[in-house]
Amino acid sequence: MPSTRPASQPEPASPETRPSGPYWDAVYQRRGASGVSWFQSEPQTSVDLIRAHATPHTPIIDAGAGAGSLTGQLAAAGFTDLTAIDISATALQAARQRLAGHPAASRIRWIHADLLTWQPDRRYGLWHDRAVFHFLTEPASRTAYLATLHTALQPGGTVILATFAPDGPTHCSGLPVARYAPTGLARALGPGFSATGTKSEQHTTPDGTIQPFTWITATPTGQS
Ligand SMILES: C[S@@+](CC[C@H](N)C(=O)[O-])C[C@H]1O[C@@H](n2cnc3c(N)ncnc32)[C@H](O)[C@@H]1O
């Protein structure tokens with residue numbers, strides 16, 4: 001039977017099937033880097049929180065960076081040790097192309113990998129994730145993500161997470177999401193992290209829809 005879904009929308013993934021890199025590649029190919037709902041030309045909240053929790057030489061990783069401009073903007077602002085990781089090669093290529101020829105580009109390491117299975121070869125002082133953790137609707141996926149986070153983050157480091165708030169969308173890019181209030185997000189990080197701050201934000205999508213987000217900053221407690 002022919003699909004009635006508009007060509008601009010990906011087919012919904014089964015909740016039991018974790019979306020692959022090609023699934024995300026297709027999302028970026030269909031909508032374009034600046035047409036995705038999470039697009040922001042100025043990632044101001046991220047930059048403000050990172051400035052508050054990192055020095056220019058803090059190793060910073062943007063987990064699920066997508067095609068966003070965050071690492072490029074941080075590099076231009078003088079941050080020297082930046083990594084962008086994503087499961088979508090298409091997204092990373094779009095982010096790299098935007099920076100092509102810019103001196104700041106050489107300060108960014110690009111990693112094409114799945115956060116749930118990635119084996120970091122070093123540690124970071126700051127882990128930033130905007131709109132990735134909320135796609136992990138299965139406990140096993142969250143456990144795998146947190147294992148990577150614990151391996152990747154330095155003792156005393158900072159994690160910055162942003163997810164949809166309880167009154168945010170239930171789905172994004174054809175995928176179900178988990179929505180969090182600050183207390184729930186802190187709980188989801190488990191006893192290995194202690195929350196140090198929270199913030200609410202209303203994100204405006206390219207088509208003008210308002211999406212409420214919950215932000216949290218946290219630091220490792222040393223417990224697992
Ligand atoms: C909603 S987008 C957010 C992108 C970016 N953080 C931003 O705010 O512009 C979610 C991103 O997470 C990536 N992603 C999803 N699951 C992932 C995984 N298991 N490992 C790495 N990246 C993942 C997707 O490819 C996509 O780029």
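# Briefing: core, helix contact, ligand shell and selected residues

A131 is buried, because 22 C-beta neighbours lie inside 10 Å; a residue is buried if 20 or more other C-beta atoms lie within 10 Å of its own, exposed if 12 or fewer, and partly exposed in between, with C-beta atoms placed from the backbone. The model is predicted: local features need pLDDT of at least 70, side-chain atom pairs count only at pLDDT 80 or more, and totals for chains, interfaces and linings use all residues. Residues are numbered from 1 along each chain as its sequence is written.

- A131 is not a glycine, yet its phi is positive, at about 70 degrees.
- The residue A131 sits in the loop between β4 (124-130) and α5 (139-152). Helices (H or I, at least four residues) and strands (E, at least two) are DSSP runs, numbered from the N terminus.
- S173 also is not a glycine and has a positive phi of about 55 degrees.
- The loop between β6 (171-172) and β7 (175-176) holds S173.
- S173 counts as buried because 22 other C-beta atoms lie within 10 Å.

**Nonpolar core**

- The largest nonpolar core has 55 residues. Such a core is a set of buried Ala, Val, Leu, Ile, Met, Phe, Trp, Tyr and Cys residues joined through C-beta atoms within 7 Å.
- I60, W127 and V159 have the most contacts inside this core.
- Strand β5 (residues 153-164) gives the most to the core, with 6 residues.
- V159 touches W127, L149, L153, F193 and A218, leaving out residues up to four places away in sequence. Two residues are in contact if their C-beta atoms, placed from the backbone, lie within 7 Å.
- In soluble globular proteins, nonpolar side chains tend to be buried together.

**Helices α1 and α4**

- Helix α1 (residues 21-31) and helix α4 (residues 89-99) have axes that come within 7 Å and cross at roughly 45 degrees. Axes are lines fitted to C-alpha atoms, for helices over the stretch in contact, and angles run from 0 to 180 degrees between N-to-C directions.
- The helices α1 and α4 are therefore oblique to each other. Angles under 35 degrees count as roughly parallel, over 145 as roughly antiparallel, 65 to 115 as roughly perpendicular and the rest as oblique.
- From α1, the residues G21, W24, D25, Y28 and Q29 meet A89, T90, A91 and A94 of α4.
- This contact of α1 with α4 has 5 nonpolar, 3 polar and 1 charged residues. Ala, Val, Leu, Ile, Met, Phe, Trp, Tyr, Cys and Pro count as nonpolar, Asp, Glu, Lys and Arg as charged, and the others, Gly among them, as polar.

**Ligand shell**

- The ligand is surrounded by 17 residues. A residue is near a molecule or strand if its C-beta atom, placed from the backbone, lies within 6 Å of it.
- W24, G64, G66, G68 and L115 are the closest.
- By class, the shell around the ligand has 10 nonpolar, 4 polar and 3 charged residues.

- D25 is in helix α1. With 16 C-beta neighbours inside 10 Å, D25 counts as partly exposed.
- D25 touches S88, A89 and T90, not counting residues up to four places away in sequence.
- T45 belongs to helix α2 (residues 44-53). T45 counts as partly exposed, with 17 C-beta neighbours inside 10 Å.
- T45 touches K199, E201 and W215, again not counting residues up to four places away in sequence.
- From C-alpha to C-alpha, D25 and T45 are 26 Å apart in space, and 20 residues apart in sequence.
- The C-alpha atoms of T45 and A113 are separated by 25 Å, with the two residues 68 apart along the chain.

- P176 lies in strand β7. P176 is partly exposed, with 15 other C-beta atoms within 10 Å.
- P176 and P120 are 56 residues apart along the chain, and their C-alpha atoms are separated by 28 Å.
- D121 is in the loop between β3 (108-112) and β4. With 7 C-beta neighbours inside 10 Å, D121 counts as exposed.
- D121 and Q29 are 30 Å apart in space, C-alpha to C-alpha, and 92 residues apart in sequence.
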